[in-house]
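Here is a short briefing to read with the model open beside you. Take a look at the sequence and the structure first, and then follow the topics below in any order you like.

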Amino acid sequence: MGCLDWLIIGGGIHGVHLAARLLGEAGVEADRVRIIDPGQQLLERWRHCTETTGMTHLRSPSVHHLDLNPWSLQLRAGQQGDRDSGIFAAPNDRPALDFFNDHCDEVIEIFGLAELHVRARALACTIEGERVHVELSNGAQLTSQKVVLALGSSDQPEWPAWAPRNQARIHHVFSEGFDGWPQDPESVGVVGGGISAAQVALRLLDEGHQVHMVARHALREHQFDSDKGWLGPKYMTGFSAEKDVNRRRSIITQARHRGSVPPEVNRPLMTAIKTGALRWHEGGVEALDVQADRVVIDLVSGESIEVERVLLATGFATLRPGGELVDGLITSASLACAQCGYPIVDESLSWHPRVFVSGPLAELELGPTSRNIHGARRAGDRIVKVASADLVARATRAS
Ligand SMILES: Cc1cc2nc3c(=O)[nH]c(=O)nc-3n(C[C@H](O)[C@H](O)[C@H](O)COP(=O)(O)OP(=O)(O)OC[C@H]3O[C@@H](n4cnc5c(N)ncnc54)[C@H](O)[C@@H]3O)c2cc1C
């Protein structure tokens, strides 16, 4: 394979959408694009994490998906005559997870993205003149004119310091290869106070387990994980006008409703708590005492809860994604970072003329929704402009 135009590192929601946009909108040729991801299939981590929670519908509205046309999901539903069969849930026409996933498969199929998927992990990137060399875990090396870091944060589940690792009775629901779901009826402690913890607790109850939910804070009800004003100019105009990236970080932290639950999940949860079906414990965990046949969860309040299994649903760590790959790139290419360690990029999401970012790494430019599907679409808008300008420049040089 010669030098590519675009190499996307990460085949999750962001990487797949960006690839579709480069091919379908900017007009980059398919054989000039690759997506590197260690999964057997594209979107593997997305599917794994969402399936585990038992969520039936997305939290985001139907215009947030991976295809080019924002109305694509609605059009698909209309074509199937499925508009009224529970495919979308109120409020905001949130798509059913299965329907959304089938639509993702369709996007992958239409743009032939599975053929562009290189099953490997990117270990290191080196920029040499007009090229970026990327070393892969399978021993190969790819060279591209530009790379996009679409790494997401699903590789770094938040594992609290008090939770011992490598214990058969303690699992993180978002860890890679998670196989800790109870098969027979058990007593399970679910730790976490956000939407995923709530969905996991409800799924366990539904499957006949005895569930204790342990959260540091009372349930916080919010429809989205940040106010919907962040989806457009209402709040983004002020955010973009703020030139101090450290101040931008504070704005993002304040704007994000971390550990929040939308009303449609909060309602069944409250009912389960009120009827005594689910035991609710509010307070920090001090320690987990793992015994042969149980785990004792000691809370800071002095309360102790005995369960057969603990499922951590504590989300993902907030530290900058990318580990050594990104650390090495920052050092070798002298890339700028804010105090929080995240990239300082320009409006086109360029961290370096050859290196672009999406998802959490683009947060200081795209704001609180950068990690979400909406953020992937906004990143697509910016990266398509760069790719289109490159193609025009190449055509001009050739003529
Ligand atoms: C349970 C759940 C439900 C969610 N629901 C919604 C929702 O309804 N609406 C919404 O807008 N958002 C939702 N989100 C948030 C967000 O949209 C998802 O987390 C989404 O998966 C993020 O996509 P991503 O591509 O950035 O990251 P990921 O899904 O994490 O994908 C990144 C990929 O990059 C790979 N990767 C990492 N490092 C390397 C490397 N060095 N080399 C090669 N590959 C690498 C990873 O293995 C992974 O496959 C949800 C998140 C979760 C966890």
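Let's begin in a loop: Asn166 sits between strands β8 (141–149) and β9 (170–172). Please keep in mind that this is a predicted model.

**Backbone details in the loops**

- Asn166 has a positive phi of about 55 degrees, although it is not a glycine.
- Asn166 counts as exposed because 5 other C-beta atoms lie within 10 Å, and a residue with 12 or fewer is classed that way.
- You will find Leu43 in the loop between β2 and α2.
- Is Leu43 buried or exposed? Leu43 has 22 C-beta neighbours inside 10 Å, so it counts as buried; the cut-off for that is 20 or more.
- The peptide bond that leads from Ala90 to Pro91 is cis, and its omega is near -10 degrees.
- Pro91 belongs to the loop between β3 (88–89) and β4 (94–95).

- Eight residues of domain 1 and 11 residues of domain 2 take part in the contact.
- On the side of domain 1 that touches domain 2, α2 gives the largest share, with three residues.
- That side of domain 1 is made up of three nonpolar residues, four polar ones and one charged.

**The largest nonpolar core**

- The largest nonpolar core has 96 residues, and the members that touch the most others are Ile9, Val16, Ala19, Val148, Leu149, Val190 and Ala201.
- Helix α1 (residues 13–26) provides the largest share of this core, eight residues.
- Why does the core lie between domain 1 and domain 2? Both domains give residues to the core, so it lies between them.
- Ile9 is worth a click: beyond its neighbours within four places in sequence, Ile9 is in contact with Ile36, Ala122, Val147, Val148, Leu149, Ala150 and Leu151.

**Around the ligand**

- The shell around the ligand has 35 residues, of which Gly10, Gly12, Gly152, Ser154 and Asn372 come nearest.
- Two or more residues each are given to this shell by α1, β2 (33–37), α2 (44–53) and α11 (373–398).
- Which element gives the largest share of the shell? The answer is α2, with six residues.
- By residue type, the shell divides into 16 polar, 12 nonpolar and seven charged residues.

**A hairpin to look at**

- Strands β6 (residues 122–128) and β7 (residues 131–136) run antiparallel and are joined by six bridges.
- Within this pairing, Thr126 has His133 of β7 as its bridge partner.
- Two residues lie between the strands of the β6 and β7 hairpin, where Gly129 takes a positive phi near 60 degrees.
- As you turn the view, remember that side chains in a regular strand alternate between the two faces of the sheet.

Methods: Residues numbered from 1 in each chain as written. Predicted model: local features only at pLDDT ≥ 70, side-chain atom pairs only at ≥ 80, totals over all residues. Core = buried A, V, L, I, M, F, W, Y, C linked by C-beta atoms within 7 Å. Helix = DSSP H or I, 4+ residues; strand = E, 2+ residues; numbered from the N terminus. Domains from an automatic or database assignment. Contact = placed C-beta atoms within 7 Å. Near = placed C-beta within 6 Å. Nonpolar A, V, L, I, M, F, W, Y, C, P; charged D, E, K, R; others polar. Pairing = 2+ DSSP bridges.
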